[in-house]
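Me: I would like to go through the labels attached to this model and ask what stands behind each one. Please set the values against the cut-offs.

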Amino acid sequence: MDRSRAELISARDTNIGLLKVRRSLPTRARRNVGAWCFADHLGPLALRPGERADVAPHPHCGLQTVTWLFEGEFLHRDSLGSEQAIRPGQLNLMSAGRGVAHAEEDPDQFGHRLHGIQLWVAQPDATRCGPADFEHHDALPRVELDAGVATMLLGTLHGVSSPARRDDDLVGAELQLSVGTSVLEASELYEYGVIGIAGEVLVDGAMVVPGSMAYLAPGRGEVVLTALNSATVMLVGGVALSEPLVMWWNFVARSRDEIVAAYNSWSARDERFGPVVSRVSPIDVAPPAWLARGS
Ligand code: MN
């Protein structure tokens, strides 16, 4: 592979309940970018009066959820007792550790728009079995680019750091680009993904649009982005993981036994994940296929 060129990866269309999303991670072509192991791009979509895009209570372990909106609003509720509205430009960061449950309620029933992305970061061994935690950041630091502005969700770009908790060596930023070329300083230790949200952006020969992601292998000192029109992309990057993740449903682990233990705890509603106060009923799923097969 020519490591100086970007590899273009197509998102796959899937559903979260009734909501259509474009999933850039994981795909067959690429399971993760650094510790970033999941990316669902929702919308933009218009809901009619009476339609609500609720995500019912469900569990997580071994990961951080990074929730970011471009339009609309959600109400986050979790089993730690957090109740937090999130609006565009704000960050909800939930660290699941050994276990947490949450719901994302759509507070608007009068017709509205929604557009956002949810990313997951796999937690390292140091924290993935530890206590759960939730952070909300009302406003985040920004970096002026040659033709645009970056908002720092996690980590550091051009010397500007997000205050949000970071368990691993990684970066996450929203890039709002105007027509022209922006050169980002990159870490040669990081691999990067550039996820299309709106508009068209050339990333080292790859045309990134909504539904695609450019993957950049480690070893480059800069990332060059050329926006052909007014565009938004998410930049994710980090040191490549040294061991494979085992992901199933909403759980990130290192073995199937860990997944089964999490599944059993949620099914039994034991104390591991805890209850969520929500007007929506919790989600249950069928057991993992390999468990049903008895293999
Ligand atoms: Mn969730």
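Reply: Contact here means heavy atoms within 4.5 Å. The model is predicted. With that cut-off, Val 203 touches Ala 6, Val 194, Val 208, Ala 214, Leu 216, Val 223, Val 224 and Leu 225, leaving aside residues up to four places away in sequence.

Me: Which residues touch the most other members of the largest nonpolar core?
Reply: Leu 175, Val 203 and Leu 225 do, in a core of 27 residues. Strand β17, residues 170–177, gives the most to this core, with four residues. Another core lies apart from it and has 26 residues, among them Leu 25, Trp 68, Leu 140 and Val 236.

Me: Why is Met 207 called partly exposed?
Reply: Buried means under 20% relative accessible area and exposed over 50%. Met 207 has 31% relative accessibility, so it counts as partly exposed. Met 207 belongs to strand β21, residues 206–208.

Me: What makes up the nonpolar patch on the surface that includes Met 207?
Reply: Leu 202, Met 207 and Leu 228 form it, and together they have about 210 Å² of accessible area. Patch members need over 30% relative accessible area, and the value for Met 207 is 31%.

Me: What makes His 58, His 60 and His 102 donors of the manganese ion?
Reply: A donor is an N, O or S atom within 2.8 Å of the metal, a limit that applies here. The NE2 atoms of His 58, His 60 and His 102 lie 2.1 Å from the manganese ion, and these are its protein donors. Their spacing in sequence is H-x1-H-x41-H. His 58 and His 60 are both buried.

Me: Which value goes with the cis label on the peptide bond from Leu 25 to Pro 26?
Reply: Omega is near -10° for that bond. Pro 26 sits in the loop between β3 (19–25) and β4 (36–49). The bond from Gly 43 to Pro 44 is also cis, with omega near 5°, and Pro 44 is in strand β4. Most peptide bonds are trans.

Me: Why point out the phi of Asp 204?
Reply: Most residues other than glycine have a negative phi. Asp 204 is not a glycine, yet its phi is positive, about 45°. Asp 204 lies in the loop between β20 (201–203) and β21. At 22% relative accessibility Asp 204 counts as partly exposed.

Me: What is the phi of Trp 249?
Reply: Phi of Trp 249 is near 50°, a positive value in a residue other than glycine. Trp 249 is in the loop between β25 (246–248) and β26 (251–253). Its relative accessibility is 24%, so Trp 249 counts as partly exposed.

Notes: Residues numbered from 1 in each chain as written. Predicted model: local features only at pLDDT ≥ 70, side-chain atom pairs only at ≥ 80, totals over all residues. Heavy atoms only, no water. Core = buried A, V, L, I, M, F, W, Y, C linked by side-chain atoms within 4.5 Å. Buried < 20%, exposed > 50% of the residue type's maximum accessible area, 1.4 Å probe, protein only. Helix = DSSP H or I, 4+ residues; strand = E, 2+ residues; numbered from the N terminus. Patch = residues over 30% accessible without salt bridge, like charges linked within 9 Å, V, L, I, M, F, W, Y side chains within 5 Å. Areas by Shrake-Rupley, 256 points an atom, 1.4 Å probe, with all protein chains shown as cover. Salt bridge = Lys/Arg side-chain N within 4 Å of Asp/Glu carboxyl O. Donors = N, O, S within 2.8 Å, 3.2 Å for Na, K, Ca; no water.
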